[in-house]
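Reader: I'd like to learn how to read aromatic ring pairs in a model. Could you walk me through an example?

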Amino acid sequence: MTTLEDIQETITDELELLHGKITGSLMSSNLLMNQVIDGYLRTKGKLIRPILVILTAKLFGSVNDKVIASAAAVEMLHNASLIHDDVVDDTKTRRNRPTINSVWDNHIAVLVGDFFVSSSLQQAISTGDIRIVDSLACLGRLLSLGEIDQIYSARYHNLDEKAYFEIINRKTASLFVSCVKMGAYAVGVEDDRIDSISRFAELLGLCFQIKDDIFDYYEDKTIGKPTGNDLREGKITLPLLYALQQSGHPDSGRMAALSRKESLNSQEISTLIEFAKEAGGIDYSYATMQRLRNEAIGIISQFPQSETTRAFADIFDYIIVRDR
């Protein structure tokens, strides 16, 4: 099985440039800011989003300074959202390391997150391409709207698969789509190939979020969040959503009523998790990801086959089988 490290190995030089660009753009004259950011950057994330920017550029052309700046911009904006999310959720660890808000405080964490946003915008502007700047700005709006959509859905118990996909399209898939658009713009692509690779990225983002949601139904300390965390926040994700729609199941009515409670205790969360598994919610979620993958592979197969197209297919498979 291809690992993320295998995919990264094909673009080692580009990722080195990316790391240098991010580190350099986040340097400041403030010693405290530098200390906080230095500690944060010691743990690298998966870099899936900047990898998509780079792979798209390689698919359509060659990697240049605009590509690296675009990749840095999207990665910093992504990290800004994570830093702010940790404050909102009072998260103590991420990637098995203490979060900024737990080491310092919420005030500093919010300011650092804002600094990441501003630095991200500077990198986008440095490309001199208004389409790249527009993609990044639109992305910030969509990420915020996606989170608000999810809060609204949880608060008013909007249990609907269509609504679920609309939410994860905004909160997750939109980021993946922006990545490939920025990579394409950075090498001068203006034709309908952008639409094709954007659909591929949308499908990839949807799968990424579905797999993240599946993690919530299993006890696994490596993923950085406790089992049932989404349910504690009133979020009904695809596995349970599917199970609740099985009207022929003898427990569906009782489970639907339970899922609509304003707050759930640990036992009630465990009950809903087991119901989702028993009623086929996990199997359905994996089948959905497979369906999305099949469409995505059909799209990438239309491009001339190369190491880059193989990397796109490999990263899709990695998203589905990853364990964290």
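**Reading aromatic pairs**

Author: Happy to. In this predicted model, F200 and F316 are both buried.

Reader: Thanks! What describes a pair of aromatic rings?

Author: The distance of the centres and the angle of the planes describe a pair of aromatic rings. The structure here holds seven aromatic pairs. In one of them, the ring centres of F200 and F312 are 5.4 Å apart and the planes stand at 80°, so this pair is edge-to-face.

Reader: Which helices hold F200 and F312?

Author: F200 belongs to helix α10 (residues 193-215) and F312 to helix α16 (residues 307-321), so the pair ties together parts that are 112 residues apart in sequence. F200 has a relative accessible area of 0% and is buried. F312 also counts as buried, at 0% relative accessibility.

Reader: And how are the rings of F200 and F316 arranged?

Author: Their centres lie 5.6 Å apart with the planes at 75°, so F200 and F316 are edge-to-face. This pair links distant parts of the chain, with F200 in helix α10 and F316 in helix α16, 116 residues apart. Taken together, ring pairs join F200, F312 and F316 into a cluster.

Notes:
Residues numbered from 1 in each chain as written. Predicted model: local features only at pLDDT ≥ 70, side-chain atom pairs only at ≥ 80, totals over all residues. Heavy atoms only, no water. Phe/Tyr/Trp six-rings, centres within 6.5 Å; stacked < 30°, edge-to-face > 60°. Helix = DSSP H or I, 4+ residues; strand = E, 2+ residues; numbered from the N terminus. Buried < 20%, exposed > 50% of the residue type's maximum accessible area, 1.4 Å probe, protein only.
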